[in-house]
Structures are given as structure tokens and as C-alpha cells.
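Please keep the structure in view while reading.

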Amino acid sequence: LQESEELSDLSKNPLLLNIIVKLHSNFYIGEKLPTDRIVLYADICRMQLEHRPKARNIDMLLNPGNSQKILQELALYMLQSNKPQIDRGELLSKLTVYISNVGEQTDPKKFLQQVEEVSELLVRRERDYEFAHLSFQAYLAAVEIKEKRQEDLLRQNRDKSWWRETIILYGAQLKPVDFRRFILMLLEDGSEEAGDLAYNCWREYPRQVDPDLEAQVKQLNSHILDVRCSKLEDYLKNQQWQKADRETSRVMLQTMGREEDRYLSTNDIENFPCADLRKIDQLWVKYSKGKFGFSVQKKIYQSLGGTKEYDRKVWETFGDEVGWRKGGKWLEYKKLTFSLEHYEGHLPGTLITPDLFYHPWQRSISVINDYISIKRRGSGD
């Protein structure tokens, strides 16, 4: 199986790992599993609700389409109620309604038993039930919202954290022209949170764009970036250098989906979006009047003989030049000086490695082979 964050997360659960292995052996023999989560989850639902019962010669009470429809309604109800788990009594009451909605009269207890034992999309935790993975609940709710054309639900709940995955998976189902409108809707309030959510939708969206819409898509991406960097720009305008430094780190980590890891790998830096890195650097250079910024740091690094090959002596001398070292020792992050009166190139001071100075955005040398992290920061930030 190919590596991906989603597959890695799912495979931590033995039940889900078994589902993934079966999906690969049944649908993708000799091929990689889809990286598009919408396709991946649709395939899993189809396999569990249709192919698995057939393979075991089990007659299901309802056809796959109606079964998934019922689960979609349940997923949306649980999402709206902010319930990752649901009590058996309440679940059976809801299933009675949802079964009736698809024109069936099946016993909800028997239907639940089949979903639990055969399809395995719902699992039991003592008296409570939950979806085999929260991502399945988010996916099914997103499909239900799209089928019912209830996008207003997303508008009303875009500020709620537990709606995030459903919003992202809803956007991934849209046609390009509808996706653009949807993103603009998310960005209406212009907040940092709106920018982050829109960017996560952007990252999830399949990159099959109609050439006629390419210019609009680029403009949309630029708009998302402006919103995402709005708080950073405010901090820099007000010369709140430490807050700007931390916000720079947050934006860069979020760009590569590394919020939890709190670091960027060499591969992350090499593949960091050029427009994003250029935007961040331009803001630092502009509001520091040319004193701070990645490009400023790069000039200093190169003036000391720094190249794509890591040189410890050069890197330490660079640390001395920008004020990150004192008395031959690297300073802790909390001991940096967040002032415009300090060393040229002193900021930004997080996530900086020689790799960054050779990012393609500067049309310079390729990134160095080994990732060199600055050990001085510790728990300071």
C-alpha cells in the first residue's frame, strides 16, 4: 500500500487495516489505492455494503443504496448533534425513521445487527455505537448534505471544529465552478480560521481543473493565501515581532499539514508552495524595511560561503551574525530579541534551516540532502 497520512491513520485500527487490505486485494490488485479520500471512502462503503455480503453469501435486508442512505442520514444527525457516539435506544429510534424515509419496513434491530456484523461500518462500544472511523461519519454526512442540497448547514457551522472534516469532504465533491463559489463563501468573514479552512479544502480538492477556469483558480488561491496571512500582516504592521514569528511558524506548518509535528522535513521544504513562501517573505521584508525575512537571511548565509552543502562552521557563523548564538552557544528561543533594533536577519527565527535558503522559489540551488534542525529552541515557543 502506498503511504499517505489518511491510510496511515486508518491502518492504526485493526478493523480498518483489514478493510484497507481487502479493498486493495479486491479493487486495486497491482495498483495503488486512491489518494483522493472521496474515492477511497466511496469504494470502502461499496465494498462493505455490497461486495462483502455477496462474498459471504448473505442476503442483506436492504439494498446497498438504501443502506448507505440510512447511514448518511444517521451521520448527519450525529454531526449536527456533535455526537461521535450514540446510545443504542436513540440509534434504534432514528433508524426507524430513516428506514421509513427510504420506503422500507425493516426491523431496525435486524438492520443494525447486519450493519454491525456484516458491513462493519458501525461498531459497538458497550451500549453506545459509533462509526468505524470519524472520517466515515464525516464523509457520509458530506454526501448527504450534497444530495439534499443543504449547503447552508455548512455556512451556519463553518466555525465549529467538529464540522471541519465534513466541510472539507463536501468541497471535494464539487465541480470546479461550484468549488470556487463554495470557497468564496467560506472566506466571507475574512478571519484566519476561515482562511485555514478554505486552504484545507483547497488541499483536498482534486487538481483536475478546466483550462477555462485556470485563471480563476489561481486568483482564488491567491485570495485564500491573503486571508491566511492576514493575521501575520497585522502583527508585522504593529511591529509585534514575536507574535509574527510564531504566526509564521503556524502558517508554514499548516500549509504542509504539520501542525501536530511542529517541524518541516527536507521534503516539506522542497515541496513548500512557492507562492506561500514568497508571500511570507515579502511581508517580513516590507514591514521590517528590509531588515528581516528569509531572503535577507539567505544573503547573509551566502555571503559567509554557505552553499547547498551543509557546513557546520558556516552555519554557526551564520548563527553569530543573525544573533542566534552568543558566547559560542545557541540561544533558547525565549532569549531571542524581538526588536527591529536587533541584528539584521534575526527574524523569522523558527523552522529555519539551510534547506529553506535553497527553496525553488528563489530560483537557486537545489535543497541540501540532510535536514539540519536548530536544536536551540527547546520548549521556548
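The model is predicted.

**Aromatic pairs**

The count of aromatic pairs comes to twelve. Among them is the pair of Trp315 and Phe318, which is stacked, with 5.1 Å from centre to centre and 20 degrees between the planes. The pair counts as stacked because planes under 30 degrees apart fall into that class. Both residues belong to helix α18, which covers residues 312-321. Trp315 and Phe318 are three residues apart there, so about one helical turn separates them. Trp315 is buried, at 3% relative accessibility, and Phe318 is buried as well, with a relative accessible area of 0%.

Another pair is formed by Tyr333 and Phe338, and this one is tilted. Tyr333 is buried, with a relative accessible area of 0%. The table sets out the values for these pairs.

| Pair | Class | Centre to centre | Angle between planes |
|---|---|---|---|
| Trp315 and Phe318 | stacked | 5.1 Å | 20 degrees |
| Tyr333 and Phe338 | tilted | 5.5 Å | 55 degrees |

**Charges over rings**

Two arginine residues may be considered here. Arg228 lies over the face of Tyr199, 3.9 Å from the ring centre. Arg325 has its charged end over the ring of Trp330, at 5.4 Å from the centre of that ring.

How values were computed:
Residues numbered from 1 in each chain as written. Predicted model: local features only at pLDDT ≥ 70, side-chain atom pairs only at ≥ 80, totals over all residues. Heavy atoms only, no water. Phe/Tyr/Trp six-rings, centres within 6.5 Å; stacked < 30°, edge-to-face > 60°. Helix = DSSP H or I, 4+ residues; strand = E, 2+ residues; numbered from the N terminus. Buried < 20%, exposed > 50% of the residue type's maximum accessible area, 1.4 Å probe, protein only. Lys NZ or Arg CZ within 6 Å of the ring centre and 35° of its normal.
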